[in-house]
Amino acid sequence: RYVQNAKAEVAAQTLTVGESVAAGSVIGTVLATDTDPGTTFSQWQIKSDPSARFVSDAATGVVSLAAGATLDFETLTSHTISVSVYDGYMRSDAGTVTIKVVNVNDNAPSITAGQAFNIDDGSRYTLGELDAIDADDTNEPGFTTFSNWTVVGGTGASVFTIERATGKLQIKRPLLIDFSRSNYTVLATVSDGLNVSDPQTVTIAIPRKVTMCLLGILQLDIPRQAAHLLLRNGAALGSCKRLW
């Protein structure tokens, strides 16, 4: 009569789960092999779990996130546990199971603080592009797509706008500029497609001399007091050279 004597094997394998999965949720089932026919696996055990975040079902090998545990892709993109199983005669060696954590959009973006421009920066009334960051990009650069840039306040809310798709700061109504001021501010927000940032202040300074472009070809630095006259005659603030 045949006597079962081969040891089961838990080969290296990977389970994948989103970082926002709730405690107690099933992550996946660990698989084992045994060359003996008719093997019934039982008594699955997690032999090593440095993070103490996971539990296994002894009867099925199903791995779940433990009660009270959470996953965070920005902290760790994967976890490693070792698992063994009993084949009715002997226990397998512990096999390595990698739990791959998948990034999800669970952090709000933020516009970089302290951004400042001169009113004559750039060209054709585009001063420059605003910068934003998102913690979701920590371990996956480029994961976030910023969108819906919006001016929500500030002393320059009626003068400036932000191109919604690109974050380009633009002068919307140049004839409303008060050149006796030293600066304007705009409060801006941005979305990552799901979450919206807190408002952030961007400063636009008005220097004593401003660069202007006449007729699209003649670039001059003039006292800011004269800027209105040139604007009314078709000049534009900034360089004649197209920068965007």
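Biologist: Where does Ser158 lie?

Modeller: Ser158 sits in the loop between strand S12 (147-153) and strand S13 (160-162). Strands (E, at least two residues) and helices (H or I, at least four) are DSSP runs, numbered from the N terminus. This is a predicted model, so local features need pLDDT of at least 70 and side-chain atom pairs count only at pLDDT 80 or more, while totals for chains, interfaces and linings use all residues. Residues are numbered from 1 along each chain as its sequence is written, and side-chain values use heavy atoms, with hydrogens and water left out.

Biologist: Is Ser158 buried, exposed or partly exposed?

Modeller: Buried means under 20% relative accessible area, exposed means over 50%, and partly exposed is in between, with a 1.4 Å probe and protein chains only. Ser158 has a relative accessible area of 40%, so it counts as partly exposed.

Biologist: Which residues does Ser158 touch?

Modeller: Contact means heavy atoms within 4.5 Å. With residues up to four places away in sequence not counted, Ser158 touches Lys172, Arg173 and Leu176. Ala66, by comparison, is 53 Å from Ser158, C-alpha to C-alpha, and 92 residues from it in sequence.

Biologist: How do I read a sheet, and what is the strand order of the open sheet that contains S14?

Modeller: Two strands pair if DSSP finds at least two bridges between them. In a regular strand the side chains alternate between the two faces of the sheet. The sheet with S14 is an open one of three strands, in the order S10-S14-S13, with antiparallel pairing. Its edge strands are S10 and S13, each pairing on one side only. From one strand to the next the twist averages 20°. Such angles run from 0 to 180 degrees between N-to-C directions, and the axes are lines fitted to C-alpha atoms, for helices over the stretch in contact. S10 and strand S14 (residues 168-171) run antiparallel and are joined by three bridges; Gly128 has Leu169 in S14 as its bridge partner.

Biologist: What order do the strands take in the open sheet that contains S5?

Modeller: That open sheet of three strands reads S2-S5-S4, and its pairing is antiparallel. Strand S2 (26-29) and strand S4 (54-56) are at the edges with a single partner strand each, so one side of each has no neighbour in the sheet. Neighbouring strands here are turned by 25° against each other on average, direction ignored. Between S4 and strand S5 (residues 62-65) there are three bridges, and Val55 stands opposite Ser64 in S5.

Biologist: How many bridges join S6 to S7?

Modeller: Six bridges join S6 to S7, and the two strands run antiparallel.

Biologist: How many salt bridges does a search of the whole structure find?

Modeller: A salt bridge is a side-chain nitrogen of Lys or Arg within 4 Å of a carboxyl oxygen of Asp or Glu. The search finds one. Lys7 forms a salt bridge with Asp93, with 3.3 Å between the closest N and O atoms. The pair links distant parts of the chain, 86 residues apart: Lys7 is in the segment before strand S1 (13-18), and Asp93 is in the loop between strand S6 (78-86) and strand S7 (95-102). Lys7 is partly exposed, its relative accessible area being 41%.

Biologist: Which residue does a disulfide join to Cys213?

Modeller: A disulfide is a pair of cysteine sulfur atoms within 2.5 Å. Here Cys213 is joined to Cys240, S to S 2.0 Å. Cys213 belongs to strand S17 (residues 209-214) and Cys240 to the segment after S19, so the link ties together parts 27 residues apart in sequence. The link is right-handed, with 110° about the S-S bond, and both Cys213 and Cys240 are buried.

Biologist: Where is Ser239, and what does its side chain reach?

Modeller: Ser239 is in the segment after strand S19 (236-237) and is buried, with a relative accessible area of 18%. A polar contact is a pair of N or O atoms within 3.5 Å; within protein, one must be able to donate a hydrogen and the other to accept it, and residues adjacent in sequence count only if both atoms are side-chain atoms. The Ser239 side chain reaches the backbone nitrogen of Lys241 at 2.9 Å. Leaving aside neighbours within four places in sequence, the contacts of Ser239 include Cys213 and Arg124.
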